[in-house]
Amino acid sequence: MSTSSHYPAAPEAERSESHTLAVLVDNEPGVLARVIGLFSGRGYNIESLTVSETEHQRHLSRITIVTRGTPMVIEQIKNQLERLVPIHRVVDMTLAGPAIERELAMVKVRGKGDNRVEALRLADAFRARVIDATTESFVFEITGGSSKIDQFVALMLPLGLIDVSRTGIVAISRGAEGM
């Protein structure tokens, strides 16, 4: 009998993976609460959540949810979302084909002297824009993939990072088809 402390790798179907779901809903009071309630009531975590009206004439909003789970759990989430009445469509952007995901962040950095110069140099390298500046701080605006924003924040940390505000992920499929 082996006394190894290593556990066997989880079967492929058991591995937790991140998925981006786009959900088209009626823009009416309580819809977001019902969607979030579905997640919390079943113990599913939401890693990122964005919502905005996308079709003003038809009063439709798009909710973009990033969640994590096994393929079976992700399938359950999609099926349960599709059963909610004000939901028109659920698309798993992770499986639907090529998609573009972006996030926006505002990053506040305190700094003087060399740290200030270095923060500006890094912001330029990451194509972050200065949207506010004082003699003691900057607020940068940066857009891109989440990993790009994570890297930028990590580099700003030793330079005097004060605060970060992130929108969460928005996603859209590539090509001529709409949701």
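This tour visits salt bridges and then a pocket. The model is predicted.

**Stop 1: strands β2 and β3**

Select E47 and R68. Their side chains form a salt bridge, with N and O 3.1 Å apart. E47 sits in strand β2, residues 46-55. R68 sits in strand β3, residues 60-69.

Buried would need under 20%, and exposed over 50%.

**Stop 2: helix α2 and strand β4**

Select K78 and D92 next. A salt bridge joins their side chains, at 3.3 Å from N to O. K78 lies in helix α2 (residues 71-83), and D92 lies in strand β4 (residues 87-92). The pair therefore ties together parts that are 14 residues apart in sequence. Both K78 and D92 are buried.

**Stop 3: strands β5 and β8**

Move to E103 and R166. They form a salt bridge, and their closest N and O atoms are 2.9 Å apart. E103 belongs to strand β5, residues 99-110. R166 belongs to strand β8, residues 161-166. This pair links distant parts of the chain, 63 residues apart.

E103 is buried, because its relative accessible area is 8%. R166 counts as partly exposed, at 34% relative accessibility.

Salt bridges with shared partners join E75, K78 and D92 into one network. The count for the model comes to nine salt bridges.

**Stop 4: the largest pocket**

Which residues line the largest pocket? Select R62, R89, V91, M93, A96, I172, S173, E177, G178 and M179. The space in this pocket is about 160 Å³.

Color by secondary structure. Strands β4 and β9 (170-173) each give at least two residues to the lining of the largest pocket. Strand β4 is also where D92 from the second stop lies.

Now color the lining by residue type. Five of its residues are nonpolar, two are polar and three are charged. Among the lining residues are R62, R89 and E177, which count as charged because Arg and Glu belong to that class.

Methods
Residues are numbered from 1 along each chain as its sequence is written. This is a predicted model: local features need pLDDT of at least 70, side-chain atom pairs count only at pLDDT 80 or more; totals for chains, interfaces and linings use all residues. Side-chain values use heavy atoms; hydrogens and water are left out. A salt bridge is a side-chain nitrogen of Lys or Arg within 4 Å of a carboxyl oxygen of Asp or Glu. Helices (H or I, at least four residues) and strands (E, at least two) are DSSP runs, numbered from the N terminus. Buried means under 20% relative accessible area, exposed over 50%, partly exposed in between (1.4 Å probe, protein chains only). On a 1 Å grid over the protein atoms alone, a cavity is a set of points where a 1.4 Å probe fits but cannot get out, and a pocket is an open set with protein on both sides within 12 Å along at least five of seven lines; lining residues have an atom within 4 Å of a point. Grid points are joined across faces, edges and corners, and a volume is the space filled by probe spheres set on the points.
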